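Here is a short note to read beside the model. Take the points in order and find each one on the screen.

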Amino acid sequence: MADFPQVRLRRLRRTETLRTLIRENSVEVGDLIYPMFVVEGEGIKEEITSMPGIFHYSPDRLSPEIEEVARLKIPGVLLFGIPENKDEAGSSARHSEGVVQQAIRIIKDSVPELIVITDVCLCEYTSHGHCGIVTNGQVDNDQTLPLLAEMAVSHVEAGADIVAPSDMMDGRVKIIREALDGKGFQQVPILSYAAKYASAFYGPFREAAESEPQFGDRRAYQMDPPNAREALREVEQDIAEGADIIMIKPALAYLDVIRQVRDTFNYPLAAYNVSGEYAMVKAAAQRGWLDERRVVLEILTAIKRAGADIILTYHAKELAQWLQAE
Ligand code: PBG
């Protein structure tokens, strides 16, 4: 093998054109999904305190934002709903007139080609803030499953293109697949949050989605952060149950998991650059402590380099703007 001084790795770093030529990874607007929060009501557009630049929209205020997302050529959005009424069973999650169902129809009317992905989970809809039915102080896996299936079906009936279960109940991909097929929705893909960790990085989201659990935490269903082998089992299981796209969440503290899943499974792989990851960058940038644009590009490129094909990120719009301006 050649050695120094024949080998000089700096030769190919000399100019920007040379660097561009040998660049191994890049992030493109076409890789991104923009998460959005829709709240029940009218005339609402309110910034989320811990997520500067991200807003709550009532369905009637969505269209301009959606048109902007489409103009920036971002391929899709992920919808979260914040209902007016919460109850023990999260009933408003399944109504044909629920907040997400209304939002889907509005989006599909204004920009039909935009991919609408919906988050399927009960936590924003339950009075206790847990992701399923609670019996004897525990989230009951099997009682929760049919409710998730109904929720997914009602999203697809409203026009959702992809459903994304994020609840971490065992068996939910299977039951959702069966329910969709039973209604003739064989063509609708499932993006499963296959390896979703019980992470402190969801902090700002819980403020945004009003989904903080009222007692306990989510560690009895979301994954334990130190585990990586278990993530491979979660992914394997979701694939066996019929998931079409696999997701790892959060992204930054789990790049190793993204890499292992990429090397083990030949499935499209998504990573969720979550609210806390976004908030950290925003907070430091606001103080002038970081060059925001370079940091965002570096983070998103790292997620691609780790092996993700798709990135769900609150930075989607700004990244698209920066890339367009170049
Ligand atoms: C649950 C859900 C959560 C997020 C997406 N779906 C929060 C949680 O599990 O507590 C977090 C997203 C983010 O932090 O950006 N429905």
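1. Helix H4 (residues 141–158) packs against helix H5 (residues 172–182) at an angle of about 45°, and their axes lie 9 Å apart. H4 is therefore oblique to H5.

2. From H4, the contact uses Leu-145, Pro-146, Leu-148, Ala-149, Ala-152, Val-153 and Val-156. From H5 come Arg-172, Ile-175, Ile-176, Ala-179 and Leu-180. Contact means heavy atoms within 4.5 Å. Eleven of these residues are nonpolar, none is polar and one is charged. Here Ala, Val, Leu, Ile and Pro are among the nonpolar types, and Arg is among the charged ones.

3. This is a predicted model: local features need pLDDT of at least 70, side-chain atom pairs need 80 or more, and totals for chains, interfaces and linings use all residues. Numbering starts from 1 along each chain as its sequence is written, and side-chain values use heavy atoms, without hydrogens and water.

4. Now strand E10 (residues 245–249). Five of its five residues are buried, that is, under 20% relative accessible area with a 1.4 Å probe, protein chains only. Ile-245, Met-247 and Lys-249 are on one side, and Ile-246 and Ile-248 are on the other. Both faces are covered.

5. Which strands pair with E10? Strand E9 (residues 191–196) runs parallel to E10, joined by five bridges. Strand E11 (residues 269–273) also pairs with E10 in the parallel sense, over three bridges. Pairing needs at least two DSSP bridges.

6. Look at Ile-246 of E10. Its bridge partner in E11 is Leu-269. Ile-246 is also the bridge partner of Ser-192.

Notes
Axes fitted to C-alpha atoms, helices over the stretch in contact; angles between N-to-C directions. Helix = DSSP H or I, 4+ residues; strand = E, 2+ residues; numbered from the N terminus. Parallel < 35°, antiparallel > 145°, perpendicular 65-115°, else oblique. Buried < 20%, exposed > 50% of the residue type's maximum accessible area, 1.4 Å probe, protein only.
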